[in-house]
Protein chains: 2
Amino acid sequence: MAKKLPKSAHSQQRVLDAAAKIFRDYGYAGTTMRAIAEEADLQAGSIYYHYKSKDDLIGAVLDIGITAVTDSVRQAMASLPDDADGFTRIETAVRAHLTAIIEFGDYTLATRRVFGQVPEAIRAKNLKLRDSYAAMWQQILEGAQRNGELRNDASLTLARLFILGALNWTVEWYKPGGRSIDQVAHEFAGLITSGLRKQTVPTLAVEAAAPVRPRAARSARGSR
Amino acid sequence: MAKKLPKSAHSQQRVLDAAAKIFRDYGYAGTTMRAIAEEADLQAGSIYYHYKSKDDLIGAVLDIGITAVTDSVRQAMASLPDDADGFTRIETAVRAHLTAIIEFGDYTLATRRVFGQVPEAIRAKNLKLRDSYAAMWQQILEGAQRNGELRNDASLTLARLFILGALNWTVEWYKPGGRSIDQVAHEFAGLITSGLRKQTVPTLAVEAAAPVRPRAARSARGSR
DNA sequence: AAAAAATTCTAACTAGTGTTAGGTTTTGCC
DNA sequence: GGCAAAACCTAACACTAGTTAGAATTTTTT
């Protein structure tokens with residue numbers, strides 16, 4: 001229980017959390033310093049001790065919104081064995097992404113909703129972080145394709161945009177108490193890799209000779 | 001060239017278009033009546049002749065944003081033969097959805113970005129339209145599953161959220177001049193139905209006997 | 001072309017905005 | 001306990017917001 005940090009660290013965190021929540025609900029222009037102050041339990045003027053402007057604040061919130069996700073996925077990938085196959089990597093990345101955007105829900109939602117409305121300068125800086133995150137995913141997908149695990153006729157760029165769009169939308173509807181994040185992650189990974197189409201069971205499709213003999217417990221859940 | 005509509009109809013449309021564009025760029029609170037007025041080439045006060053408040057305006061924009069997509073998909077589905085299979089239905093719906101959100105880009109983007117920041121009353125009304133659109137998709141998916149075309153172990157609710165999240169995100173990155181909407185739609189439909197995984201060619205996977213002899217032009221593009 | 005109706009403009013009001021300067025309180029340290 | 005620095009508060013300033021009433025203009029109808 002090392003409690004060395006100055007009093008203000010706690011306060012600054014409160015302001016930041018409050019800002020994320022208010023920005024999320026009211027957008028960039030709709031957020032007032034006074035509303036943040038009330039949520040953080042201090043006076044509007046006092047915010048300027050911690051952040052030098054409203055733009056400075058939103059900048060911090062935006063950065064956290066993406067950094068949280070990037071770090072989460074990067075760590076999850078790093079903790080994987082080197083010989084992990086592409087599908088494991090994808091499902092791991094999906095789970096890490098979802099976990100982060102739910103855990104940092106206020107920040108990621110604020111990021112999602114406010115990004116398009118923020119002054120150009122702030123957006124430009126934040127965009128770099130976004131691009132580098134996109135590059136991470138591109139790498140995961142390309143690696144899997146190089147390994148011969150993915151279709152060669154699929155555009156990985158489009159696939160990435162598709163996947164990230166779907167993942168980011170999750171934070172809009174996910175409510176704790178229902179499905180667990182792991183469940184959602186598993187299901188989403190299944191969609192990404194296998195899609196919705198019912199697989200034609202090989203032993204049945206190829207030579208229509210042998211009668212169907214369900215091979216014990218070998219459901220499509222096999223991997224992992 | 002029937003030009004019977006009163007002068008104001010044209011003007012009202014201009015205000016609406018301007019509002020969509022400004023709301024899209026500046027969010028709900030960030031949008032000023034004066035900015036809309038300038039874009040629509042009239043004075044701020046004159047807007048009130050057409051719409052009785054800012055909330056009234058954003059309400060109209062939101063409704064158009066969803067209605068455009070809903071109508072587009074509904075029409076596309078209706079124009080399909082009754083015996084169209086599930087995958088055709090899905091690809092058709094995807095294409096219709098993408099076409100609409102690109103064509104009505106200002107409205108759908110405004111809708112996407114502003115929905116979370118709008119006063120509760122407006123959101124509630126608009127939510128019904130959203131729900132009914134979601135129901136359309138649910139129906140498409142369930143129909144396909146009933147026909148035995150889709151995996152039975154997939155949650156269609158999750159799949160729908162996944163798909164719509166991905167589709168709606170498209171409007172954020174799609175720029176005309178690059179890939180055509182049809183291309184994107186086809187690629188996305190492929191992801192939804194088949195995923196990214198390379199299909200194990202039956203003749204190769206089952207009995208590992210025969211040496212690999214690439215069978216001429218038989219890419220996975222087969223369907224359609 | 002005159003009268004009526006439909007649009008648009010002008011100018012203003014009130015309320016609330018981000019931000020700041022200077023004073024007040026609290027905190028950490030000897 | 002006393003003191004300096006840190007943290008916070010108060011009160012205000014300049015500005016902009018949505019909205020409105022009434023005048024001015026344009027369009028339509030007679």
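**Entry 1: the two chains**

I began with the symmetry and found that a rotation of 180 degrees with 0.0 Å of shift along its axis superposes chain A on chain B, with an RMSD of 0.1 Å. That is the relation of a two-fold axis. The superposition is by least squares on the C-alpha atoms of residues with pLDDT of at least 70 in both copies.

I noted that this is a predicted model, in which local features need pLDDT of at least 70 and side-chain atom pairs count only at pLDDT 80 or more, while totals for chains, interfaces and linings use all residues. Residues are numbered from 1 along each chain as its sequence is written, and chains are lettered from A and ligands numbered from 1 in the order in which they are written.

**Entry 2: where the chains touch**

I looked up the contact next: 42 residues come from chain A and 44 residues from chain B. Two residues are in contact if their C-beta atoms, placed from the backbone, lie within 7 Å. On the chain A side, the elements giving two or more residues are α1 (7-30), α8, α9 and α10 (202-205). Of these, α8(A) provides the largest share, ten residues. By class, the chain A side has 21 nonpolar, 14 polar and seven charged residues. Here Ala, Val, Leu, Ile, Met, Phe, Trp, Tyr, Cys and Pro are nonpolar, Asp, Glu, Lys and Arg are charged, and the others, Gly among them, are polar. I also saw that 100% of the interface residues of chain A are interface residues in chain B too, so the copies meet through the same surface.

**Entry 3: chain A overall**

I found ten helices and zero strands in chain A. Helices (H or I, at least four residues) and strands (E, at least two) are DSSP runs, numbered from the N terminus. Of the contacts in chain A with a separation of 6 or more, 72% are between residues 24 or more positions apart. Buried residues make up 38% of the 224 residues. A residue is buried if 20 or more other C-beta atoms, placed from the backbone, lie within 10 Å of its own, exposed if 12 or fewer, and partly exposed in between.

I turned to α9 (residues 181-194) of chain A, whose 14 residues reach 19 Å from first C-alpha to last, close to the 20 Å expected at 1.5 Å a residue. The expected span is 1.5 Å times one less than the number of residues. Eleven of the 14 residues are buried, so α9(A) is largely enclosed by the rest of the structure. Its buried residues, including F188(A) and L191(A), pack against α5 and α8 of chain A together with α8 (156-173) of chain B. After α9(A) comes G195(A), with a positive phi near 70 degrees.

I checked α6 (residues 105-114) of chain A as well, and eight of its ten residues are buried. Among them are Y107(A), L109(A) and R113(A).

**Entry 4: α5 against α8**

I saw that V94(A), H97(A), L98(A), I101(A) and I102(A) in α5(A) meet L167(A), N168(A), T170(A) and V171(A) in α8(A). This contact has six nonpolar, three polar and no charged residues.

**Entry 5: a loop residue**

I stopped at D41(A), which has a positive phi of about 65 degrees although it is not a glycine. D41(A) is in the loop between α2 (33-40) and α3 (47-50) of chain A. D41(A) is exposed, with 10 other C-beta atoms within 10 Å. In chain B, D41(B) has a positive phi of about 65 degrees.
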